[in-house]
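Here's a quick look at one helix and the domain contact it takes part in. Have the model open as you read.

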Amino acid sequence: MKLDSKIPSGAIHEKWSNRKFELKLVNPANKRKYKVLVVGSGLAGASAAASLAELGYQVECFCFQDSPRRAHSIAAQGGINAAKNYRNDGDSVYRLFYDTVKGGDFRAREANVYRLAELSVNIIDQAVAQGVPFAREYGGLLDNRSFGGAQVSRTFYARGQTGQQLLLGAYAALSRQIGQRAVKMFPRTEMLDVVVVDGHAKGIVVRDLQTGEIRTHAADAVVLCTGGYGNVFYLSTNAKNCNVTATWRAHRRGAGFANPCYTQIHPTCIPVSGDHQSKLTLMSESLRNDGRVWVPLKKGDKRKAADIPDNERDYYLERKYPSFGNLAPRDIASRAAMTVCDEGRGIGDTGLGVYLDFRDSIQRLGKDAIAARYGNLFHMYAKITAEDPYSQPMRIFPAVHYTMGGLWVDYDLQSTIPGLFVCGEANFSDHGANRLGASALMQGLADGYFVIPYTIGGYLAGQKPGSVDGKRPEFAQAAANVAEMTKRLLGIKGKRTVDDFHRTLGKIMWSKCGMARSEKGLKEAIAAIQALRGEFWQDVRVLGDGMTINQSLEKAGRVADFLEFGELMCRDALERRESCGGHFRDEWQDDGEARRDDQNFCHAAVWEHKGAPKDAVRHQEQLHFENVHLAVRSYK
Amino acid sequence: MTGNTTMKLILHVWRQQKRSTAADFKQDGRMVRYELDGVSPDMSFLEMLDVLNERLIRKGEEPIVFDHDCREGICGSCSLMIDGEPHGPQSGTTTCQLHMRSFRDGAEIWIEPWRAKAFPVVKDLMVDRSAFDRVVQAGAFISVNTGVSQDANAIPVPKADADRAFDAATCIGCGACVAACKNASAMLFVGAKVSHFLHLPQGRVERETRARNLVAAMDKEGFGNCTNQNECQAACPKEIPVRVIAEMNREFLRAKAVEEPPSKKRVGGDG
């Protein structure tokens, strides 16, 4: 597997301009002859599909939801970063770039991150022009807040639903193109394979979830915008249907998978309440701007929060990280919560929780001010827990939230399969080993609105339009494989439900490949996953047929992929013998703080499929830091 | 938290194998009775259905189909008529955020899909809401291409206007308004789209065409008209106010008063 990152020449701030100029252009009159398939309709997918159609390409867009507006980008709460420096507080493109490289624990590609910071300002302009109702000040100009460990106020937000408002902006742009017949939209349609012809991605296999029809679509290029794989843990803040299937099946066709072990555990989620739990709910990190995190000083202190006096409380983030305090980055805040719970100081019935307390802010600013900032989040919390966060502290606990790993892409967002591009959370590119708050929306939209429209042209200019049609045998073969797998899943007729297998996998992943990992635990996990996968193919029970809506069948295919992917994730975690960002190895730490090994691991690990996860081959893309110097990340 | 007490429920659930057609909306659909015990009050309504489905699968019966995804009240996928109320008894709440503690032990609960001609039933409790997407495609957008925008702060928006736009923009497109309405009217949904853009300067440029096109698309999909019952507002999980319907009516009348453009098709080139 050849990994050419195609980082453009020139100084960091000239690279994107240089690359845009180097890329070949497609003649405007020829654009309509090229067809591009966009899989997924979240921020990355909807923005890519709309922007490509505006340029004149024929676009087909696919999503498994009933409407493109429902992709999980919609659930992002907190905000979106942009280096506008509207606050005059010292922000700049370079500072956003610097913060993102450092926040990612020096495991991202500098050139990509700089481009992301550069494009961040265009995203806000674009969204406002579309009518996205960002929060405003009384003078009518846009409001900003400080978010997720940033020391400048660069986060734009729309109450607690920035994701929904940005997605509705991209969905509106996409809908406009659908209405003009420039995009053909396929909702309730799931991608189940990539068709590779003569080494290039030239189509996909899909299943129409309503009729069960398995179809192929041929095109000149394919763009995957299919999100992350957090649901490998079963319980996560991802939507129930989020899955790894599109990226995993592309991986099986030859796309390198980079850094699968980089997962982000978000510090502020509502704790698990019982075995029936189907997913976890995030409470926006913005709450940490005004909430103070604490646990009792004494072990096993079961008094009510209000009865514990201040001198018997441990505000551990403020104590351990005095300069960042409650705003310490996500990986650090999550691990600190785990540590105090491991010490037996966790709160609630399960002991797996910490307090997020607004008492002092309410005293300082008044209840109304807090309600204006977080009213909808407090409301949501009260609905789920039946507790009132105005009068008693919230109970929170870390939960899997985002995955930094994904399909490896070069600077043009092209995977190791020519013609297969990957945008948004589905790729591995910009966040290194840890993503900073309010950066996911930024990346999805930067990729879709402003990167792919340029870089895909560079690829297409070298391709003859419509050179491959769906009659090539590779299409029928790929479709037959998908049909065969569907038949096999329906034919097992075992005893255990799909969810049962998924829950078991999730428990293995969370306990052995979650917040802290060790060689012993990972080896056990790999063996356990292999055994579970064997059982799955013997004993899963999928009822019904493949000819109507069959949600168990859909889930079964996704869980089958998670059962392979989970093993690769553990192998990646095992091979990365260092701690960095969201990847924490017990063996590499200094008193609870991550110890990076830049000598041996300053690279992206890229896995090549060789038939089974145990045989996958690990390659490396060496990372070079020419602008931000490698340093120990300290938030003390 | 409510401790270890569990509840026992009697559920009546709409089961339908075949997709509804204009000629036969009901198809083979019928209410089926299930008894379910061991329900924790901390479960969400959908988690309660998950438990029922797991038991059905173990018994060899096909699980109940229902739309769901984010399970945190924002994606708008979930869509159940619970005891005759869209999203159930709690106001301002989607089904996924409704918890079983809102019901009493031993309760009998009726669960049906959205009922509206424009939303055919796909299977069991799942309906086809693509009519909403087609309405949006007719004009619920600002015609701006990627990359041509000016600096975001070049368009100041008075905070009160921005807040009014936002109140409308919170719509999650779940369809509860249609399900709640005896006329199956989509006017709260469409009004929300009109209102969102109406209160923003950048949205006002296309106000006449937008009002005309959205109303025409809504009528074409077979949604009914508004007779001011305000059931939609009561059912809306995002509590969108009925003022958006008044705003839409005003915009529609205003558009009628403004002369229609001579032709939308441009004749000839620019030279």
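Helix 9 of chain A is largely enclosed by the rest of the structure, because 10 of its 13 residues are buried (20 or more other C-beta atoms within 10 Å of a residue's own, with C-beta atoms placed from the backbone). Among those buried residues are A:Arg330, A:Asp331, A:Ile332 and A:Met338. This is a predicted model, where local features need pLDDT of at least 70, side-chain atom pairs count only at pLDDT 80 or more, and totals for chains, interfaces and linings use all residues. Residues are numbered from 1 along each chain as its sequence is written, while chains are lettered from A and ligands numbered from 1 in the order in which they are written.

So what do the buried residues of helix 9 of chain A pack against? Here are the partners, with helices (H or I, at least four residues) and strands (E, at least two) being DSSP runs numbered from the N terminus:

| Partner in chain A | Residues |
|---|---|
| strand 11 | 263-269 |
| helix 8 | 316-320 |
| strand 14 | 354-357 |
| strand 15 | 394-403 |

From first C-alpha to last, helix 9 of chain A reaches 18 Å, close to the 18 Å expected at 1.5 Å a residue (1.5 Å times one less than the number of residues). Just after helix 9, A:Gly344 has a positive phi of about 85°.

Now for the domains. Chain A is assigned domain 1 (265-401) and domain 2 (475-622), with bounds from an automatic or database domain assignment. Seven residues of domain 1 of chain A are in contact with six of domain 2 of chain A (C-beta atoms, placed from the backbone, within 7 Å). On the domain 1 side, helix 9 (residues 330-342) of chain A gives the largest share, five residues.

Methods. Contact = placed C-beta atoms within 7 Å. Buried ≥ 20, exposed ≤ 12 C-beta atoms within 10 Å, placed from the backbone.
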